[in-house]
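Thanks for making time this morning.

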Amino acid sequence: MFRVVLTFTLVTLFSICAIASAASVDRALIILKSDSYADTEATIDALVRIGARAQHVIPPKTVIAIVPAEVEAEVRSFDNVAEFHRSVVPVTASLDSDIKPGVEAWNFLITPRSTTLLPDEVGMMLSNDTYVLPKPQTAIKSASQSQAPGYNDTSDFMIGKIALGLVLPESIKGTETWSSQRMQTVFNHVVAGMDWWATQGGPSANMTFYYDTHLGVLCNYEPITMNNDSIWISDVLGRIGYTSGSSSWDRAGEYINHMRNTLHTDWGFVMLVADSLNDADGVFPNGLCAYAWIGGPITVLTYDNDGWGIENFYRVAAHETGHIFGCSDEYGYCGFGPAGYLGVDNGNCENNNPNSVPCMMRGNDLQLCAWTPGQLGWRDSDGDGIYDPIDNEVSNIITSQVTSLENGIVTITGTAKDIPCHSPYGNEVTINKIASVRYRADGGEWFTAQAVDGAFDLDVEEYTFTTPALGPGMHTIEIEAFSTSGNSGIAICTLDPTPPVMGQVTDEGDYTYDETRMEARWSASDPESEVVEYAYAIGTSPTDPGSGYVKDWTSAGPSTNVAVTGLSLTMDQTYYFYVKAKNSSGAWSEPVSSDGVNVGEINIGQARYLEAGRWVALKGKAVNGSFGSIFYIQESDRSAGIGVSYSSMPNEGDVVTVRGRLARSGVEYYLNASSVETIGSAEPVKPVFMTNKMIGGHLEASSHPGFEDDAGLGSLYNIGLLVKTSGRVTYLDPAGAFAYIDDGSNLTDGNELGAGGTAVKGIRVILPDGVEMPPPGVYVYVTGVSVSCWVNLENARVVSVRSQEDISVLPGAVLAGKIDKSGTMVFDYLVESEHPYTPGIYYSWMVSGPAQATEMRAHFTKIEMEQDQDFLYLLDANYSGYQSWSNGEPIFDVWSKWVSGNRFILYLSVREGTDNYGFQMDKYEAYLPSMPVAGVLMTLTPGPITAITDANGMYSFGSLAPGTYTITPSMEGITFTPSSITVTVSEREFAPGLNFTGN
C-alpha cells in the first residue's frame, strides 16, 4: 500500500484532567425504553431543549449525558426514559444485551483510577503514526448551494456530532482470538478516550459521540501479522457490507457516510483494533502499533499498543483521534508548520524547542498545550464562547415579495445561509444549520416564518411568511434568521402595500403599418415608494379581458416603453395594450388600456406623410438602385420612391419587404430598416423622364419636402424614384466624383465651382467609382435615382448614377481622356523660427504636400544654430529622423534630403542662453508620380480636328460620326506613351479613358 507519511506537530498547557474527574455530579446514564433510533434522537433533542446535552450515544438504548441537577426530574419524566443513573450500575447476567455495552462503558468512565503513567506503561512514541490521504477539493459553491461537509469531508474539525465506527476483526485461522470481555474492555477504553476529548472541548465544542460497533468480524487474515493494512482492512469492511472500490479508504468512506446519513452526525471515522494479546511485541511487522490518517478516515490500533498496554488504550485512542481531526504530532522530528481546519502552527513541537510542554499529541499526556486546541478548531477569536469554525455569519436575503391588493397583506420569500468559516488549506464547510426564522412589522410582535421545504434542518434554507393586513403607507419588515450556533442575520425591507397609480398608455396612434409589430409607451407613479416593474399584454378588447390575449402578460422590467415583435396581427383589426405597474413592495396596479390601434397597409407615398420615428412595413417594393449603405425602392406604378438604410444591399430588380423606422435627412425621407426580406424579382425598373427643374419636386408640406421654382411652384415630389434627364455637361469634378448638367433650366444649387467662385449651372450628377462623365460641352442623357444632398449648406437636386450604362451621349460619339506625367513640382511655403529664437523652447511644424506626392524635401534660405547645443531636425510623418543641423556658422540656400511620403516635420530643440538666427524655409519640392499636363496639342484624324488639354490635363472630341479615329498628342520636350491611340465608335457612344503618359 502506498502511504504518504507526515509528522505533523503542535502544543502548550491547556488543561489537566483525570478520567475519573469526568464523573461529575452532572454526569448521568440514561437507559431508554425504545430501541427505535428516531425515538433516541427525539430524546436527545428534548435534553437540549431543557439545557442538558448528550455526550455518548450507544445504540440502541443507552445515552451518557450531562444533566444539571435542576432538570433531572424533568428528564426522568420523559416518556422514553426507562432508567436514570448517576452511579455504578450492577452488571448481572440478566442485563439486557442491548444495554450491557453502554452500562459497562458507563461504569468504566465513572470509576476513579490513577492518571499517572508508570515507566513500564509507556510504549514507544507512536513514531511515523500519521498518513495523509489526498482529498479532492470541493468546487466553489454559489450563494444558494449547501456547504455542509461533503462525502470526503469526514472530520474537518472536532465540534458537533461524531460517528465512530469501531471494528474488531477476528482472524479465521490466526493466532489471536478475541474474548467477549476483552472486546468490551476495548470498547470501554474507546469511550473513555472520546470522553476525554468531549471533556476538553466542553460546551463550546458540544461534542456527542455516536458509536457503531462491529466486534469479532471474521477476516481472512491475521491483522497483527500483516505489513499491508489495506488488504485486511478492505476484507473486514467488505464483510460488514461496505464494498465500494477496492481500497481501504474507499470502503471506509462508504461506511462513514452510511453512519453519518443513518445517525445524522456531522463527522465520522473508522477505528480498527487488531488483537495482539499473543503477539510478542504488540506491534505490526512494520514496527507500528497505532497510526491514523491526518483528517481521516481511518485509525488503526492494536490491543496492547507496544508498551502502552491495554490499561492505557484510551490514551492511544485519544491521540490517534486527534490526528483524525487534523492535529500534528509534537514529538520526535516533528515540524512547526500549520495544521487543522484553521491552519494553526505546531508551536509545541519538541524538536529543538525548549518551551515544549506535555500534551496529548506529544506524549499521550492527559492535558493539552495551547496549540493543539486551535488545530482541532477550538479557537474563539472574538471571545463570545463560540468556536471559530461554527461562529459563522448568517446570510439573509429576500428573494421575492408579493402583495395582495384586496387585503394589503404581503408574502415574502427569502434565503438564509450559514457562511462557512474560512479555512486556509482545505474545503470550507459548516456543520451549522438554519434553526429558525422570525419576522415582525414596524417593530411589533415577532412571528415565526416557515421553511419552504417543511423543516429548518440544512445550512441553506428558503423561508416564507405572509404578514397580517397592513394599512396604507410605508411599513418596515425585519426578518431575522438564526443558525444552530446562535448567530443570526437580519434582512430589512420597506413595504408599500398601496399599489402604484397607472398613467396613460399610448400606442402608435390610430393605425399601425406592420402586422408583426406593435409599440406603446406609458407612465405610472407611486407617492409612497417607487415603481420598479411594468407588465403588458395585448388583446382585442378595449379593457383587459383577463384571458385570450394576442400577447400574454410579459414583464417589461422598469422600462416605460416596449416594441413587441413576432406578432401575427389581422388587417383592419383593432388591438389594445394593457399595462400594469408594480412598486418596490410587490404591489401591482390594476391594468390600464391604450385607446387602440388598427392594423393597415401603407405605400411609400403615404409613409412620407407620417412623422419621423414612425414604424412602417413597406411590402413588395422594387429595388431601383444601391449606393454603399443605402438602397432605394419604389412603387410598381412609379408614383413614389424612398431610400432604405441597411447593413447589406439587395440587388437591383429585387422585390423586397422592408420593415423599419422613418427618418429624415434634409429634404429626403428614408427608412432605417431592421429587416429586409427579398420575396422575388421583377423586370428592371424603367425611369421616369423629366426636366432638370422637375427633379426633386416642390415643398408641398413640412412632412413632404422638396424644391420650389422661382414662382413657388414645382413638380410632384420624386425623391427616391428612378428618373432620366438630359443636358449639356457644364462641369466635371477633377476627381471624377460628380458632374453638373444643364438642360436650359439654368438651375443653381449654391456651388462655387465656376470661374471666380461663381455657381456652375445645372443639377448635380453623382458618379460612382469607375463611371465617367464626358467633358464639359458634351450633351448627355443621364439615368439615376432622384436624391438630395447638401451643397454649401443648401439642399441640392441630385441624380445618383448607378453604372456607366446610365450615361449616354447625344448626338454623335465622344472621345475623351487625360494626360499625366511624373516628376517634381516646387511649391512656395514659408516656415521660420523667431530671429533670434527664444532660449529653452521646443517647436515643431508639419508641412503637408499634395496627396499623391511620394517624396518631399525642404529649401532653406538660411540656417544658423548654436553648435552642438541647439538642433533643427527634419523628420517624416512618423517622427523618424532624416537629417539635423547644429551649425555654428550660418549656411544659406540649402536643400534638405528627400523624405518619404507627402508630409514632413521640422522640429526645433533649443537650450538656454543663445541669440542665434534660427532658420527660414521658403519652399518645398514634391515628387508626384502622376500630375496633369496642360497645354498639350491633341490631333484627331481623320479631320484633322485639334484640342488642347486643360489645367486638369483633360481633353475631349465630341459630336463625332461613327467610325475609326486616331488621337495623337504633341508637346515640345515631351514624349508620350502610347504615341497614339486608335478607337472605333458607334453613334452616341461615349469612349472615355483614352489616356496618355508624358515623359
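Predicted model: local features only at pLDDT ≥ 70, side-chain atom pairs only at ≥ 80, totals over all residues.

**Salt bridges across the chain**

Let me begin with Asp96 and Lys61, whose side chains form a salt bridge with an N to O distance of 3.9 Å. The two residues are 35 apart and link distant parts of the chain, with Asp96 in the loop between β5 (81-85) and α3 (100-110) and Lys61 in the loop between β3 (53-58) and β4 (62-66). Asp96 is partly exposed at a relative accessible area of 31%, whereas Lys61, at 14%, counts as buried because the cut-off for that class is under 20%.

Next comes Arg86, which forms a salt bridge with Glu72, the closest N and O atoms being 2.9 Å apart. Arg86 sits in the loop between β5 and α3 while Glu72 belongs to helix α2 (residues 72-76), so the pair ties together parts that are 14 residues apart in sequence. Here Arg86 is partly exposed, at 26%, and Glu72 is buried, at 18%.

The last pair is Glu515 and Lys619, which meet at 2.7 Å, N to O. They are 104 residues apart and link distant parts of the chain, Glu515 lying in the loop between β24 (511-512) and β25 (518-521) and Lys619 in strand β33 (residues 615-627). Glu515 counts as buried at 17% relative accessibility, and Lys619 as partly exposed at 23%. Both residues also belong to a network of salt bridges that links them with Asp514, Glu601 and Arg659.

Terms used: Residues numbered from 1 in each chain as written. Heavy atoms only, no water. Salt bridge = Lys/Arg side-chain N within 4 Å of Asp/Glu carboxyl O. Helix = DSSP H or I, 4+ residues; strand = E, 2+ residues; numbered from the N terminus. Buried < 20%, exposed > 50% of the residue type's maximum accessible area, 1.4 Å probe, protein only.
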